[in-house]
Structure formats: structure tokens, C-alpha cells
Amino acid sequence: MAGTLITVAATGAEADKAQVPALPVTLDELTRTAVQCQRAGAAVIHVHIRDEQARPTLDVSRLTDTVAALRSATSLIVQLSTGGAVSDSFDARLAVLDAEPDACSLTCGTVNFGDEVFANPWGFVKDLYQLTRERGVVPEFELFDLGHIAALHRLLGEFGPPAGGHVHCDLVMGVPGGMPGDAATLVAAVRALPDGATWSATGVGRATLPVMFAALAAGGHLRVGMEDTLTFSRGRPVTGNAELVQRAADAANLAQRPPMPPARARGFLGIG
Ligand code: KMH
Ligand code: ZN
């Protein structure tokens, strides 16, 4: 029986370290979090990094050091974010691949993002996709809305399959401006995916638990972490990423689809 791929999105670009002391922002904090999350059942780490002032950055040499540190401390698949922060330029987001990660995120369309706009126009999406193919970096297609799935079909139709040959998507649900985080929307999204694609789902904020249970019920995989939620339960802040991974692993075990170890996840995602 297939296990459950668990991705931890440990930091994100939005939370403020001053307000969330448990957020991993230094290389040391991120590496320690990664080790704990692997132990708890994660196979993939989705990475945003911060600068000396804990502000989001896409600095390539810092990203390169981060990839090296995560590789030496863990066997997790290192997936760098090409989404960055809403203020990052398209050039800086393309340059993320210079850090030579195993995998990267690739968002398939523009979406309102709270009071901001997360811009992913078609020209950028196709440039980034072609670059992932040239560099052999396996993309995970981030889908914030049903229209992004139509763009994914268009991308695969025009440019062919991704590096590694397998299409894996992540439904990002509950972002204010994107698709809602409920079971009906999840089922509609899964039905629209390309044949043979696999998928994870993440519910942002209060959509965390409904999306986790709906994803397990529908045969999907899970992304959890402090990028997506900072509250473990009503009124109780998250103390660290590992407790979110542990909760996802416990749910996956209850569903009799235990966490997939990183070595198996590499085969599953087509990562060499
Ligand atoms: N921080 C968001 C604007 C990704 O990592 O690819 C974009 C994001 C998606 O987090
Ligand atoms: Zn991200």
C-alpha cells in the first residue's frame, strides 16, 4: 500500500520572527527543525530562507549554503521555494535554481494573497518551467485555485513532462483570495488534475485540519508547517514544525498509510 508523503513547509516568507519566536529563520534553526521533522515523518522540506535581520531573501549564495547544510544533516528532499515573497522579482525567483536544489515549487498562476497579489503570469510560469527541465530540477506544481489546474494542463501540453517524468502537485487551500479549504473543493480540484498526477494538499490557517483529513480520505499526501499555520489548536500557538509533522504522521498512520521515508519519496517523485 502506498504511504503518505509528508512535506514540511517550515518557515515561509510571511511570518514575523519577532512575533513568532519558534519560527526557524537562521541556518542553524532550520537545520535543527529539519532533523526533528525527518524524525517525525517528513520526507520533503519546502524552504524559504531569511537574512541576518530575519527578512525573507532569495540570495543565491545563502540558498546554496542552505541546500548543502540540509543535505549534510538530513536525507530530506530539499525543495526550494521559487515563490519567495510577494515583493520578489521574477529574475530573482528564476535564479533560485542556481542553488541546485533537488526540487522546487512552481506556482501555476496569479492569485490574490490576502491584501497582496502573488504574481505568476503565464510568461513567468513557462520560463520557470522550461528552466526546471533544462536544469533537471523536479517541480512541484502549486495550485492555489482551480484555474491554475487549467494552466498546468496547458504547460504540460506545450512543453511536455517535467524533469523526472512524474507530475506531483500541491493544492494550497484556504489562502484568502484562492480556493477555499473544504472537502468539496478538494474533490473538485483532484478530479481536474492531469491523468497520472499525484498530489498533496495543505490547508492554510484554520483550513489545516479539514484539508488534512479530506486529503487522507481522498488518497492524497500532506504538506504541513509553520509557513501555513501558526496555531496548533484554538488559542494554542505552534511550538515548532515537528509537532505539526508528528500530527500529520499520526493521522497518516491512523489512515493506514504511514509516512513515506525520504528514500522512497525520491523514487515516487522521480528525484534521482
Ligand atoms: N510566499 C508566497 C507569496 C511558494 O513557496 O512557491 C508564495 C509561496 C509559494 O510561498
Ligand atoms: Zn512557500
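Modeller: Strands here are DSSP runs of E with at least two residues, helices are runs of H or I with at least four residues, and both are numbered from the N terminus. Bear in mind that this is a predicted model: local features need pLDDT of at least 70, side-chain atom pairs count only at pLDDT 80 or more, and totals for chains, interfaces and linings use all residues. Residues are numbered from 1 along each chain as its sequence is written, chains are lettered from A and ligands numbered from 1 in the order in which they are written, and side-chain values use heavy atoms, with hydrogens and water left out.

Colleague: Which residues is F113 in contact with, leaving aside its neighbours within four places in sequence?

Modeller: E14, V86, F118, F144, V175 and P176. Contact means heavy atoms within 4.5 Å.

Colleague: At what angle do α7 and α8 pack?

Modeller: About 35 degrees, with the axes 10 Å apart; α7 covers residues 208-217. Axes are lines fitted to C-alpha atoms, for helices over the stretch in contact, and angles run from 0 to 180 degrees between N-to-C directions.

Colleague: What about α1 and α8, how do their axes lie?

Modeller: The axes of α1 (residues 27-40) and α8 (residues 241-254) come within 8 Å and cross at roughly 15 degrees. That makes α1 roughly parallel to α8; the cut-offs are under 35 degrees for roughly parallel, over 145 for roughly antiparallel, 65 to 115 for roughly perpendicular, and oblique for the rest. T33, Q36, C37 and A40 of α1 make the contact with N241, A242, V245, Q246 and A249 of α8. By class, this contact has 5 nonpolar, 4 polar and no charged residues.

Colleague: OK, changing topic. How many strands close into the barrel, and in what order?

Modeller: 8 strands, in the order β1-β2-β5-β6-β9-β10-β11-β12, with parallel pairing. Two strands pair if DSSP finds at least two bridges between them. Neighbouring strands of this sheet are turned by 25 degrees against each other on average, direction ignored.

Colleague: Give me one strand pair as an example.

Modeller: Take β6 (residues 103-107) and β9 (residues 138-143), which pair in the parallel sense over 5 bridges. The bridge partner of C104 in β9 is P139. Helix α2 (residues 60-73) packs on the sheet, touching β2 (44-47) and β5 (77-80), and its direction makes about 160 degrees with that of β5.

Colleague: Last one: how many helices and strands does the protein chain have?

Modeller: 9 helices and 14 strands. The radius of gyration is 17 Å, close to the 19 Å that the globule rule gives for 272 residues, so the chain is as compact as a globular protein of that length. That radius is taken over C-alpha atoms, and the rule is 2.2 Å times the number of residues to the power 0.38.

Notes: Nonpolar A, V, L, I, M, F, W, Y, C, P; charged D, E, K, R; others polar.
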